Structure formats: structure tokens, C-alpha cells
Amino acid sequence: MKKVWQVVIVDIHPTSMLGTKLILEEQQDLTVRGMTSTGTEGLELVRVHKPDLILMDYRLPEGQADQYIAQIKGLSNDTHIIILTDEDNVKLFRYLMSLGASGMLSKQASPSQLIHLISGLREGYVSIPMSWLNSEDWGQPADSQAEKGFIELTETETFIMERIVQGVTYDKIASEINVSRRSIDNYLRKIYVKLEVSSRAQAIERYALHARQSKTVS
């Protein structure tokens, strides 16, 4: 008999969240241990239950779900994370996977597609739409910086990026290194130039991918 997977759902739409719960619990090997509409409460549910799976809305009241992925893995490294999104976007999928997610699913997906994705994770496989294989983005290198070698960040810049990836607020980071909030903005401008990006999300994607590649090489 299959192990019963414990599931946490984080969704800003209560009706959708309840519908997902009913779909999951029609399966004998899935049980929902908690539901919430905020990322902060989702982290607490992960801390308490150490679920096998968390289904998380990409857009949450506190911001996008990417800021929580590293924190979830830190609390429960074996937890699979599936991000629910309105976007059918290969680049977003690859970005989320680089941060540690286990999959991405359209909110318009059918119940059978959701169950198929979860079943694949049980067997160690990730499911993707076949249409993505024909996308121009699918064949592009995951990150052009991989061909350019090491990204030269100072010790302070590296610390700031690590804390941002972990989801720590800019004000908190400023207090940790004893500088002003404006100084953090100045650091970020320099970091963006070095990483050749123009937004926080792009910086996280590029830095997380670089960190993962560095661990592989070492």
C-alpha cells in the first residue's frame, strides 16, 4: 500500500482551495493537513506538519511564491513544492525549478492533470506540457552567465543575495549588517549590474542558478 502523502494548500481563493482539497482527498493516498491563503501561514503549516507536498499559489498577499521556496526547503527539505499559476510560461517553470520547486501547474489544469503530476513526483518524475518542448524558450540555455564563469560579488553583496533568496525583507537585512535601508538599495543597484538583471526576481533566478552550479562543480 502506498504511503499516504500529507498535503498543505496555500491559495488566495478560498473556493479554489476547497475544490483542490476535495480533488485530493478523493485519492486514498493523499490527505490535506492544512489550508491557508498567506505565505507566512503556509510556512508555519510546513514547520508543524513537514508535509510531503505543498501546493502554493504563485501570487500571494505578501508577494510572489518564489520568495518562500527556499524557506520551505529549509524547514522541510523533502517537501515537494508545486506552484499553481495562471501563466503557461516555460521561463517561469525553469526559474521556479532552479529555486527548488518540484513542478508548476496551470490553475486551468484538470483534476486528472493535477493527480498525474503528483503521481509522477511519487515515482521521481516531473511532468510538463508537451507543447513546451516546441517552445523557443525550452531550447535556450538556462542562464547565459553559466558560460561566463564566476559572478564576482563582494562578501556583503553575497550575504545580501543569500538573505533575499531566503525571503528576508530589505529592512531586516539592513539591520543585520547595520546599514540604512537606502544603503541596501545602493547595494542592489550594484548587484543588478554585476548579474546583468533589472529586477529582484531576475536577480534571485540568476544567483540561485549560479549557486546551484557552483555546488555541482565543487
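**Close-up 1. Met35 in strand E2 of the predicted model.** In this predicted model, Met35 belongs to strand E2, which covers residues 30-36. The relative accessibility of Met35 is 37%, and this residue therefore counts as partly exposed, the range for that class lying between 20% and 50%. Together with Leu18 and Leu22, Met35 makes a nonpolar surface patch of about 280 Å².

**Close-up 2. The open sheet of five strands.** The strands follow one another in the order E2-E1-E3-E6-E7, and their pairing is parallel. Because E2 and strand E7 (103-106) each have a single partner strand, they stand at the edges of the sheet, and one side of each is left without a neighbour there. From one strand to the next, the twist averages 25 degrees.

**Close-up 3. The pairing of strands E3 and E6.** Strand E3, made of residues 53-57, runs parallel to strand E6, made of residues 80-85, and five bridges join the two. Within this view, Asp57 can be found standing opposite Leu84 of E6. In general, the strands of a sheet pair through backbone hydrogen bonds, in either a parallel or an antiparallel manner.

**Close-up 4. Helices H1 and H4 lying across strands of the sheet.** Helix H1, which comprises residues 14-25, lies across strand E1 (5-10) as well as across E2 and E3, and runs at about 165 degrees to E2. Helix H4, which comprises residues 90-99, lies across E6 and E7, running at about 145 degrees to E7.

Notes. Residues are numbered from 1 along each chain as its sequence is written. This is a predicted model: local features need pLDDT of at least 70, side-chain atom pairs count only at pLDDT 80 or more; totals for chains, interfaces and linings use all residues. Side-chain values use heavy atoms; hydrogens and water are left out. Patches are made of residues with over 30% relative accessible area and no salt bridge: like charges are joined within 9 Å, nonpolar side chains (Val, Leu, Ile, Met, Phe, Trp, Tyr) within 5 Å. Accessible areas come from the Shrake-Rupley method with a 1.4 Å probe; for residues, only the protein chains shown count as cover. A salt bridge is a side-chain nitrogen of Lys or Arg within 4 Å of a carboxyl oxygen of Asp or Glu. Helices (H or I, at least four residues) and strands (E, at least two) are DSSP runs, numbered from the N terminus. Buried means under 20% relative accessible area, exposed over 50%, partly exposed in between (1.4 Å probe, protein chains only). Two strands pair if DSSP finds at least two bridges between them. Axes are lines fitted to C-alpha atoms, for helices over the stretch in contact, and angles run from 0 to 180 degrees between N-to-C directions. Contact means heavy atoms within 4.5 Å.
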